Amino acid sequence: MTIPPSSTITQHKETISAEHAGSRLDAVAATMFPEYSRSRLKDWIKSGALRIDGRTVKPNTKLAGGEHLELDAELEQDASFEPEDIALDIVYEDDEIIVLNKPVGLVVHPAAGNWSGTLLNGLLFHCPELANIPRAGIVHRLDKDTSGLMVVAKTLNAQLSLIDQLQQRSVSRTYWAIVRGEPDKKGIIDAPIGRHPTQRVKMAVVKGTGKEARTHYRVTHKLSGFALVELKLETGRTHQIRVHMSHLGFPLVGDQVYGSRWPANLKNDEMLDYVREFPRQALHAKELGLIHPGTGKEMSWQTMLPEDFESVLLDLKDRHSAY
């Protein structure tokens, strides 16, 4: 069943700040309205739905700063993605937001190779009106093989609020990870992240051209060459925790992209057979905190570790006790 097309009206008014002087309109619009795709914004500029000081201009128009940006567009429902009856672990839901516990293996958004069977498809089945919200209300993502808490907006106002909170870094996201090695008790990793210079499918710490990225970590248990680590994101770059911990020299257990090489002293340890064969990065979004878009109240949620993560942790604790 495909949701029949419908539409809603989206309206925004913003003032271009001085810091954007000299920048192109389409680039600034993408920064100011991140909930909409660049192609959609460019089409709105060309059609006159997105105007500068009431005038229709070209997407490559250079800005001076101080202009008034007006968006008055009909947001057509995206009928290209079909609702699918996918089981969702809903932790909390009201008229504004959905908080869910994403399982391992579930892709968040359709893309090449995964056009169906995604969280977005499941959300459209669970709540058909999300077809009127950009990206079905999804405001942040977890990797396919990362489990844990996510928030989804059910209204345009809620989506704008959550995106703003993410940009202002007022959303609290706490992860648990199992890493190889024993980091210092706690620390801050402040290292810019960008596309890997030679391996384009990977991200990396890239000086100069990388985007600001900051991760706080705290070791909760040291486990004889491994550690259970609590991490809090200050920014939200692609693969941020995986890249940062690998850069620090403590890759996540099971991470085939950023930590596949095992040191010689661990390769022949029979007690690590299950740990070495763990098929995904040992990373779980355990806690989520935010300001409710409708009530303005602070809210937070926690979730249990998934069984596979718990099994690895128990194996490492048993091994640690045997030493």
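1. Overall form. The model is predicted. Its secondary structure amounts to eight helices and 14 strands. The radius of gyration is 22 Å, close to the 20 Å that the globule rule gives for 323 residues, so the protein is as compact as a globular protein of that length. The C-alpha trace spans about 70 × 45 × 40 Å along the principal axes.

2. Of the 323 residues, 48% count as buried. Among contacts between residues at least 6 apart in sequence, 68% join residues at least 24 apart.

3. Helix α4. This helix comprises 13 residues, 156-168, and reaches 18 Å from its first C-alpha to its last, close to the 18 Å expected at 1.5 Å a residue. Its buried residues are A158, Q159, L162, I163 and Q165. They lie on the same side of α4 because they cover an arc of only 160° around the axis.

4. Surroundings of α4. The cover over the buried residues of α4 includes strands β5 (97-102), β6 (147-153) and β13 (283-291). On the face turned away from the buried side, α4 carries the exposed residues N157 and Q168. After the helix comes R169, which has a positive phi, near 65°.

5. The pair Y92 and W301. The count of aromatic pairs comes to three. In one of them, the ring centres of Y92 and W301 are 5.5 Å apart with the planes at 45°, so the pair is tilted. Y92 belongs to strand β4 (residues 90-93) and W301 to strand β14 (residues 298-302), so this pair ties together parts that are 209 residues apart in sequence. With a relative accessible area of 24%, Y92 is partly exposed, whereas W301 is buried at 10%.

6. The pair F226 and W262. Here the ring centres are 5.9 Å apart and the planes stand at 50°, so the pair of F226 and W262 is tilted. The pair links distant parts of the chain, 36 residues apart: F226 is in strand β12 (residues 226-233), and W262 is in the loop between α5 (240-248) and α6 (264-267). F226 is buried, its relative accessible area being 0%; W262 is also buried, with a value of 14%.

Conventions: Residues are numbered from 1 along each chain as its sequence is written. This is a predicted model: local features need pLDDT of at least 70, side-chain atom pairs count only at pLDDT 80 or more; totals for chains, interfaces and linings use all residues. Side-chain values use heavy atoms; hydrogens and water are left out. Helices (H or I, at least four residues) and strands (E, at least two) are DSSP runs, numbered from the N terminus. The expected span of a helix is 1.5 Å times one less than its number of residues. Buried means under 20% relative accessible area, exposed over 50%, partly exposed in between (1.4 Å probe, protein chains only). The arc is that of the directions from the helix axis to the C-beta atoms. Contact means heavy atoms within 4.5 Å. The radius of gyration is taken over C-alpha atoms; the globule rule is 2.2 Å times the number of residues to the power 0.38. Rings of Phe, Tyr and Trp (its six-membered ring) pair if their centres lie within 6.5 Å; planes under 30 degrees apart count as stacked, over 60 as edge-to-face and the rest as tilted.
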